[in-house]
Amino acid sequence: MVRTPEQISYNMSRIRSTNTRQENKLCTELYKRGIFSFERHAKDIPGCPDLVFRARRAAVFCDGDFWHGYDWEHKRERIKSNRGYWIPKIERNMVRDKAVTYSLGAQGWKILRFWEHDIKNNATAVADTIVSAVCRLPQPPYRLAELNAGIGELRLALEQQAACVSVLAAEAGCQARKAYAHQFGSEPLADLRLDALRSCLSQQSIDIILAHLTDLTPSQLRRYKRPPLNSRDILNLIERARPCAFLLTGTAKLINLRDGNDALSLVRRLIMGMNYHLAGIRWEADALSESCLDGVRLAEHNGAGKTKELICLLGFDRERVKNADDLEAVLPAGLGEFRSKEKMCVLGTETCYHIELALPDFLNETSKNRLLQRACQPGTVRPLLELMIRCLEGTLCHL
């Protein structure tokens, strides 16, 4: 049947540029593999990629065979109608594709392009290619971001387990920043505005995030000229950076906070909303109750004989860390029992975990005591960070 120019024009106008059948088919294959952390048609990325793994700086393009010039040397001869329009248009598309690929590559992005017929014929193989490209485990030195960095005790504990490079540290407290600089030689950012931190995190990939969760109420935070990041802000940054692993620490007061900053709300969002595995959290039938937090409580003992109860959220990206579920064999009753063992035989570490924190001499004793009271002892979280590194290395063993 010979189509009229009007019919051809109508048919071409009905072809969709987004949410095409092949694109939806590819997304379905990714969902089957537990991959959910991509955006579709991100207009702020050059070329408006069909799928964007923003935190991993990977862009996926599903190129239509006709519109993007597949086998162009032969296919251009098969265009019979309106050649003066279609041939220049498709060639402009091909030039633009090369320019977009070059631009994104120069910015450090990983570009994956697939033809429409490849997805149609074997969407499974295409999805496997994407997974192998974007779901790799990071390699040391690990890229580290610290939020509410304090005096850097979490970084100090991590550096004893693996090589890492701090690409971002942020802390609101002036004296804490000075103590951090005394410890590591560089002062954390004082600008804790969410937009500024998002911009910093979006320019590079982050492997690990360490953060202190504040137990201050919203009314208490408003009294600060430069307040620390609240818990929801930290989760927003984790969602943007999509680290492979993180450790969030805070006091047991987090359980009683409200407005979405309480520990249970954080756990619910991390597990159900962001697809992270949290060590020590046990829940069934999509139901999370306060009893789920029993497995993430830690008792910290200081040198003065006092005890402080901590909440420690050790999380792993399910899309990349496939052995995270093995943690439950290592932590049969949660982090508390694991931490209280006389010997960490599974990790082969010693019984003494005390790590000295070096504070600058120009701080008076009152300031030093205040900073130490707010900080957690690095030795308390060191076994958890060792577990983190074992998971990232794929060397986690069972009891």
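Predicted model: local features only at pLDDT ≥ 70, side-chain atom pairs only at ≥ 80, totals over all residues.
Pro138 touches Asp207 and Cys244, not counting residues up to four places away in sequence.

**Pro138 and its loop**

Pro138 sits in the loop between α6 and β5. Is Pro138 buried or exposed? It counts as buried, because its relative accessibility is 9% and the cut-off for buried is under 20%. Along the sequence, Pro138 and Ile208 are 70 residues apart, yet their C-alpha atoms are 9.4 Å apart in space.

The loop between α6 (123-134) and β5 also holds Pro141. Here the backbone does something to look out for. The peptide bond from Pro140 to Pro141 is cis, with omega near 0 degrees. Most peptide bonds are trans, and most residues other than glycine have a negative phi.

**The whole protein**

The protein has 399 residues, and 48% of them count as buried. It contains 16 helices and 11 strands. Take the contacts with a separation of 6 or more: residues 24 or more positions apart account for 67% of them.

How confident is the predictor? The mean pLDDT is 80, and 75% of the residues reach 70 or more. One stretch needs care. Over residues 340-354, pLDDT stays under 50, and the model has 26 contacts beyond four places in sequence for that stretch.

**A sheet of four strands**

Four strands form an open sheet in the order β1-β2-β3-β4, and the pairing is mixed. β1 and β4 (110-115) stand at the edges with a single partner strand each, so one side of each has no neighbour in the sheet. Strand β3 (residues 58-63) pairs with β4 in the parallel sense, over 6 bridges. In that pairing, Phe61 has Arg113 of β4 as its bridge partner. Helix α6 packs on the sheet and touches β2, β3 and β4. The direction of α6 makes about 175 degrees with that of β4.

Phe53 is buried, with a relative accessible area of 1%. Phe53 and Lys110 are 57 residues apart in sequence, but 9.6 Å apart in space from C-alpha to C-alpha.

**Another strand pair**

Strand β5 (residues 142-147) is mostly covered, with 5 of its 6 residues buried. β5 and strand β6 (residues 164-170) run parallel and are joined by 6 bridges. One link to find in the structure is Leu147, whose bridge partner in β6 is Ala170.

**Two positive phi angles**

Two residues other than glycine have a positive phi: His41 and Arg242. His41 lies in the loop between β1 (39-40) and β2. Arg242 lies in the loop between α11 and β8 (245-251).

| Residue | Phi | Relative accessible area |
|---|---|---|
| His41 | about 60 degrees | 15%, buried |
| Arg242 | near 45 degrees | 8%, buried |

**Two helices side by side**

Helix α11 (residues 231-241) packs against helix α12 (residues 263-273). The angle is about 10 degrees, and the axes are 11 Å apart. How do α11 and α12 run relative to each other, roughly parallel or roughly antiparallel? Angles under 35 degrees count as roughly parallel, and α11 and α12 are therefore roughly parallel to each other.

From α11, the contact uses Ser231, Arg232, Leu235, Asn236 and Glu239. From α12, Leu266, Arg269 and Leu270 take part. By class, the contact of α11 with α12 has 3 nonpolar, 2 polar and 3 charged residues.

Terms used
Residues numbered from 1 in each chain as written. Heavy atoms only, no water. Axes fitted to C-alpha atoms, helices over the stretch in contact; angles between N-to-C directions. Parallel < 35°, antiparallel > 145°, perpendicular 65-115°, else oblique. Contact = heavy atoms within 4.5 Å. Nonpolar A, V, L, I, M, F, W, Y, C, P; charged D, E, K, R; others polar. pLDDT = per-residue confidence, 0-100. Buried < 20%, exposed > 50% of the residue type's maximum accessible area, 1.4 Å probe, protein only. Pairing = 2+ DSSP bridges.
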